Amino acid sequence: MLAVLVPVAVAAGIYLFGTHHTPDYLNGLFGEYGTGAVDLKARLGTALLGLAFVQLGLALWMYGRMPGIGPASRPVRLGHRTLGFVTFLFSLPIAYHCLTTYGIETTSPRVAIHSFAGCALYGAFAAKVIVVRSRRLPGLLLPVVGGLLVLGVALLWYTAALWALNGDSVPGFPSG
């Protein structure tokens with residue numbers, strides 16, 4: 001029951017904050033403002049997507065799904081766990097900027113998908129932590145939730161970073 005309630009509560013909490021928070025389009029990100037912040041966030045999001053794919057590769061290796069590569073050693077497992085934590089930390093400034101600058105927006109299908117996927121991503125992360133720590137949940141849940149995290153990062157990148165890097169319209173800023 002906890003494995004369902006906590007992730008839903010995390011996603012719902014982020015959603016509620018985003019819908020009740022007044023967006024501030026003048027927020028900065030690491031000293032960048034306006035379209036500079038959007039560009040920086042798009043580049044950081046692209047790096048985050050790369051980290052997610054490295055995580056996926058390490059997970060596939062750990063589960064013996066990488067053809068031609070032997071079993072994963074202890075350093076691979078430790079590297080996967082450490083990189084996962086670093087990836088999570090790396091995502092926080094991006095998410096914080098999105099949430100405080102834009103909140104939850106539904107101005108277009110793409111923007112709505114991005115907003116909801118951002119909420120769901122952190123719910124999925126909470127689910128993965130619970131699944132990793134649990135001895136009672138089915139083992140199949142771990143690769144499923146991990147895969148959902150990678151898909152979530154890819155969906156977020158596709159619905160925002162790709163658009164920004166291509167110079168398309170970003171909420172709050174005219175296209176270029």
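Me: What counts as contact here?
Reply: Contact means heavy atoms within 4.5 Å. The model is predicted, so local features need pLDDT of at least 70 and side-chain atom pairs pLDDT 80 or more, while totals for chains, interfaces and linings use all residues. Residues are numbered from 1 along each chain as its sequence is written, and side-chain values use heavy atoms, without hydrogens and water.

Me: Which residues is Leu-121 in contact with, leaving aside neighbours within four places in sequence?
Reply: Leu-149, Gly-152, Val-153 and Leu-156.

Me: Which residues touch the most other members of the largest nonpolar core?
Reply: Leu-121 and Val-153, in a core of 14 residues. Such a core is a set of buried Ala, Val, Leu, Ile, Met, Phe, Trp, Tyr and Cys residues joined through side-chain atoms within 4.5 Å. Buried is under 20% relative accessible area, exposed is over 50%, and partly exposed is in between (1.4 Å probe, protein chains only).

Me: Which elements give two or more residues to this core?
Reply: Helix 2 (35-62), helix 4 (109-133) and helix 5 (141-165); helices are DSSP runs of H or I, at least four residues, numbered from the N terminus. Helix 2 gives the largest share, five residues.
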